[in-house]
Amino acid sequence: MRSLFSFLAFLSAAVVSALSTSGNRLLVVLEDVAEKENYSKFLGDLEGRGFELSFENPKSESLALFHLGERTYDHIIFFPTKAKGLGPNLTPNILVDFMNAKGNVLVTLSSGVATPNSLVSLLSELDIQLPADRTGLVVDHFNYDASTAAETHDVLLLPPPGPVRPDVKNFFGAGAGKDEVLAFPRGVGAALGSSELLTPVLRAPRTAYSYNPKEQAEVVDDLFGAGEQLALVSAFQARNSARFTLVGSAEMLQDKWFDAEASKVGGKKAAKTFNREFAKRVSGWTFNEIGVLRVNWIEHHLDEAVAVNESNPSIYRIKNDVKYTISLSEYAWTSWAPLTLPADDVLQLEFSMLSPFHRLPLHLDAAHSSATESAYSTSFKLPDQHGIFNFKVNYKRPFLSNIEEKNTVSVRHMAHDEWPRSFVISGAWPWIAGIGVTVAGWLAFCALWMYSAPVGGKRVESKKTQ
Amino acid sequence: MRLTQSIAPALLLLAAGVAQAASGWGFDDGSVQIAAKKAGEAVKEKISQTSPLSKPVSLGTTDTLKLSLTAKDNGKGKRPHQAFLVLQEPESGLEAPFPLTVKENGKAVAQISHKDLPVQLLLANKPLKASVVIASFGSAQGLNTPVFDVKIETDANVPPPAYEKPLRYGKQPEIHHIFRPDPKSPPKVISLFFGLAVIATLPALLIGWVALGGNVNHLSKAIGAALLSHATFFGSILAMEFVFFMYYTSWNLFQVLPVIAAVGAATVFSGTKALGEVQSRRLAGER
């Protein structure tokens, strides 16, 4: 019985660890364990997806993100805490180290609770600015929930977000029903810097603005941000593909807004909230369950009529025809799937020495693709420049983990016997003829010098001797 | 086309105006004024919440745009919580909000000059769309209406502000290497003509020698005197040319060198004898 139980435990552990691509140890930072009840559906969903949740108080002395230099957790969620600081175990330095060690962080804010200093410093490190007094409230007098915030207008109802750009896959809002709305109750808006690593997931509507409810209750004199410059949910992906997500309203993850009904001002029907699915996608993206790319294999070879059938040779000659193929997979919740590119996006191959000589689109190669991978390939002629070159695929896109693959090859110049023969070059014909004539003339001269008899009898020797 | 363009927003506004007539925010006594820094006449135009100005106002580098209005809730002057002038760049949809300074009685003003505008708006090609947003807490409906267009005038003497687009990850322009052109040959006719001209010098040389009395009459004499040496010597000269020919077509240097050594040795050894015979003929006065 005991062995059966342990076997089952082992089996479930194996299934569980397969779900996120980077581990399932999730630290939940909560000040009050009673608060857990408000997020029971969200946390239950996470557990259902295979995460092992550990709850800790930020001030807890036993809390350590690293043990002997290794991460003790794979992911962290911060729920709003009333304390001004987060204690000595969660300093911004340690959090940055955690992200440098490829740990993922999800931070939730709430307008009623001032954001801890530690998180404000971490956010400014990532080029995310919060309102000055570490608190702010986003209101919109045009898109609010009439049933719960008819007077205060601080529960924003937003349509599920569309793609950030036409060439970026819509991870967070795709497939939402037409009349589904996203409730954003009592949240904080952030201003994002111009860093390429930052992407807004959810922007505020055009008429929304952020104000300080304590000091600006009567009149907004100093505006922190308004309209679409306010990011309500924003995503940051570091160069090592560690992910960080800022959710401006922790309340939107609470049970009361999951599968709830909200009524838009002026709207007749009550609309269902999209919050549960959105929370699943945001946490799934942050904890590496979606949008993770993997390179399965890379192959390049000579693509010529008399080709040597060798894979990935280390040397090519200038002007060789070469074929390059790369196989990629994308992780989608539970399994690896072939990577499909959005319509406007392309995967590009660079053939570079210092700077790229070629930058060519890679096309889907159906013959080498399968249900779990998709191969992309291209054929091209190597440049007429010898040196050390790289086949480089640098695929960095918002919301997708970074791919930077470099395969170094030498490109040699033409050997002396690989040029066309001189008799093929018509311009050389007079010179070849000249050599032939010289040879024939030399042989004729030798014969004449040795075997010619004098003409007209004997020479008059006396004249010469005198 | 132009007519429908101008009618459509007017209709929309009319509809909006009807809707707002029930209960909600609005404004009165609206005006926009462009004041030049240097002494000059200030241009002042009245604006209303029902129809935007037909002509864009232009804002020069030293000018100040001053918007003033009285916000009203259901026709009564009152201070709204949100009173913004929003400037939008029509191509990118980028917006910049400017909060109005509002008094208790709803009188509100905003002043904007070039230095207040973000650089993206300063560099806009089309006139910016200005709209007024007035709203507050409670049930009164807010107002969000376009009021006028602003044309940003730039001074030709002042260089435009530098703006560098931020880096965004996405596809990059394609690059195709430009190959150096292949080496070219002159037309084949010319090569052929000069090739034949070169070949033609050989018969000319031989004819010239024959005309001067060149012959091979002593061949039998030489063979009679030293057959082996002469055959080997002349043969080795021929063989050397053959080696050179093989080197040109297929052999490499290491195949050629031993053969040259062998042929060269044969030339030297047979040459002493053969050339000695030639010398003996000379000494005999037969050359």
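Predicted model: local features only at pLDDT ≥ 70, side-chain atom pairs only at ≥ 80, totals over all residues.

Residues are numbered from 1 along each chain as its sequence is written, chains are lettered from A and ligands numbered from 1 in the order in which they are written, and side-chain values use heavy atoms, with hydrogens and water left out.

Entry, contacts: I found 67 residues of chain B in contact with 79 residues of chain A (heavy atoms within 4.5 Å). In chain B, B:His81, B:Tyr169 and B:Arg287 lose the most area to chain A, together 13% of what that side buries (buried area is the accessible area, 1.4 Å probe, that two parts lose on being put together, summed over both). Both chains bury about 6400 Å² between them, with 59% of it on carbon and sulfur atoms.

Entry, salt bridges: I looked for a side-chain nitrogen of Lys or Arg within 4 Å of a carboxyl oxygen of Asp or Glu, and the rule gave three across the interface. A:Lys319 pairs up with B:Asp182 in a salt bridge, the closest N and O atoms being 3.3 Å apart.

Entry, pocket: I noted a volume of about 1600 Å³ for the largest pocket (1 Å grid over the protein atoms alone; an open set of points where a 1.4 Å probe fits, with protein on both sides within 12 Å along at least five of seven lines; lining residues have an atom within 4 Å of a point; points are joined across faces, edges and corners, and the volume is the space filled by probe spheres set on them). Its lining has 45 residues, and A:Arg203, B:Leu94, B:Gln120, B:Pro166 and B:Arg168 are the closest to the centre.
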